[in-house]
Amino acid sequence: MAAFTLEVVTQERTVVMTEVEYALLPGVDGSFGVLSGHQPIMASLDLGVLEFGPLHGKRRKIALGGGFMEMHGSRLTVMAHTAELSEEIDVLRARQAKQRAEERLADRDGDLDIARAQIALQKALLRLKVANGD
Amino acid sequence: MAQSSRDIKRRISSISKTQQITKAMEMIAASKLRSAQETVISTRPYYERLTSSLGTALRAAEQAGEDMPAIIRDRAGDSHCLLVFAADRGLAGGYNAAIIRQAEAFLKEYPDTEMVMVGRKVRDHFRRRNRTALAEFVGIGDTANLRVAQDIGHVIFDFFVHGLFDNVTILYTEFINTVTHRVKLRPVLPLPEQIKETKGDGPEPLYVYEPSINGVLETLIPLYVDAAVYQALTEAKASELGARMNAMRNATDNAGELIQELTISYNRARQAQITKEIAEIVGGADALES
């Protein structure tokens, strides 16, 4: 299979820059896949799992905190709010974040920022899911 | 005379203690500056790539005759938001003063301005003048932190979307090199015209947009705001460390000069005392002989 370059960047760092055979991206209307030779595309990305298949090696996963992708020629760039490879995820921290968000959602007293807690919960769940290999 | 030479000695020891402190602060700033400088350089390409994609999408929206998303339509209002980056601490030469001076000038020019303040120094300055901030971020540490930048970006973007103001400008210190920094005003929203003209190299491909051009723009604009804030934060932090390093180096040098001068006066005083004692002894011996 023909390969193309996948680059995942946040403002702080380049998370991944590698030759891949395919990439599965969390689009806002559902996941979609990209293979080499895809037409030029720009797309909004949701919170979700980004999966990719390196040219020689096992598939890998990234916990993506939403962002934007652009494919042009043989280069796919993902600009993310946050992005972590599965092996980089701090499981303990994600668990704590999950617990905190759940507690916050459980006692809904006053004008707590519920939308924010829900996002935090989603992020924590996503990290745990990616870290556990699925 | 004995009194005076003891005084001088005390001053020398006090100054050299101060010198040790300023020297240490200079070295701390210098070591942090190195990594801050790298951060500044490594964030610039991200910002450029993002604005180039944003420019492409904006042109595509224009060509397709689509209505721009509500968030970036020109509102023709003249209420402003000024996001100010200053330091949490002083001892950085004119770093904070320069930023505050520029902020005051901005407020004079655009009286209808809400402020978002980063850094204790700017907050304290305006608090003394009874000007409150819409939001303030203090105690954020010496290194630029992406999460802090994203928090600031979200706050500003939310306020902007809710129509609290029509324009957003960032005031920060641009980092040129370790000794040169420049106070800079950078308009962020509404999107500056030049972004639409930003092009990547080579011929422009015909993109498809998922879910739509507007959908992509609505994703890109908050990313762009975050990127502008983060970049300003990294530059401000690097400039702050540079300014502190230079200020502390000057302080250390001045302390060295003072010590040198005082050492000379001390030696002179000591010499004078010895001369006086010899004169007294000789005088005493003369008196005995005669």
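The centres of domain 1 of chain A and domain 2 of chain A, taken over C-alpha atoms, are separated by 25 Å. Before going further, a word on the basis: this is a predicted model, in which local features need pLDDT of at least 70, side-chain atom pairs count only at pLDDT 80 or more, and totals for chains, interfaces and linings use all residues. Residues are numbered from 1 along each chain as its sequence is written, while chains are lettered from A and ligands numbered from 1 in the order in which they are written.

Domain 1 of chain A spans 4–86 and domain 2 spans 90–131, with bounds that come from an automatic or database domain assignment. Between them, eight residues of domain 1 are in contact with six residues of domain 2; contact here requires C-beta atoms, placed from the backbone, within 7 Å. On the domain 1 side, β4 and β5 of chain A are the elements that give two or more residues. Helices (H or I, at least four residues) and strands (E, at least two) are DSSP runs, numbered from the N terminus. By class, that side has three nonpolar, three polar and two charged residues. Ala, Val, Leu, Ile, Met, Phe, Trp, Tyr, Cys and Pro count as nonpolar, Asp, Glu, Lys and Arg as charged, and the others, Gly among them, as polar.

β4 (41–54) and β5 (60–72) of chain A also each supply at least two residues to the side that touches chain B. In that interface, 19 residues of chain A are in contact with 21 residues of chain B. β4(A) runs parallel to strand β6 (residues 208–210) of chain B, joined to it by three bridges; strands pair if DSSP finds at least two bridges between them. Within this pairing, A:M42 stands opposite B:Y209.

Now to the helices. Helix α1 (residues 91–106) and helix α2 (residues 114–131) of chain A have axes that come within 8 Å and cross at roughly 150 degrees. Because angles over 145 degrees count as roughly antiparallel (under 35 is roughly parallel, 65 to 115 roughly perpendicular, the rest oblique), α1(A) is roughly antiparallel to α2(A). Axes are lines fitted to C-alpha atoms, for helices over the stretch in contact, with angles from 0 to 180 degrees between N-to-C directions. Among the residues making this contact are A:V91, A:A94 and A:L105 of α1(A), and A:I114, A:L121 and A:L128 of α2(A). The contact residues divide into 13 nonpolar, one polar and five charged.

Conventions
Two residues are in contact if their C-beta atoms, placed from the backbone, lie within 7 Å.
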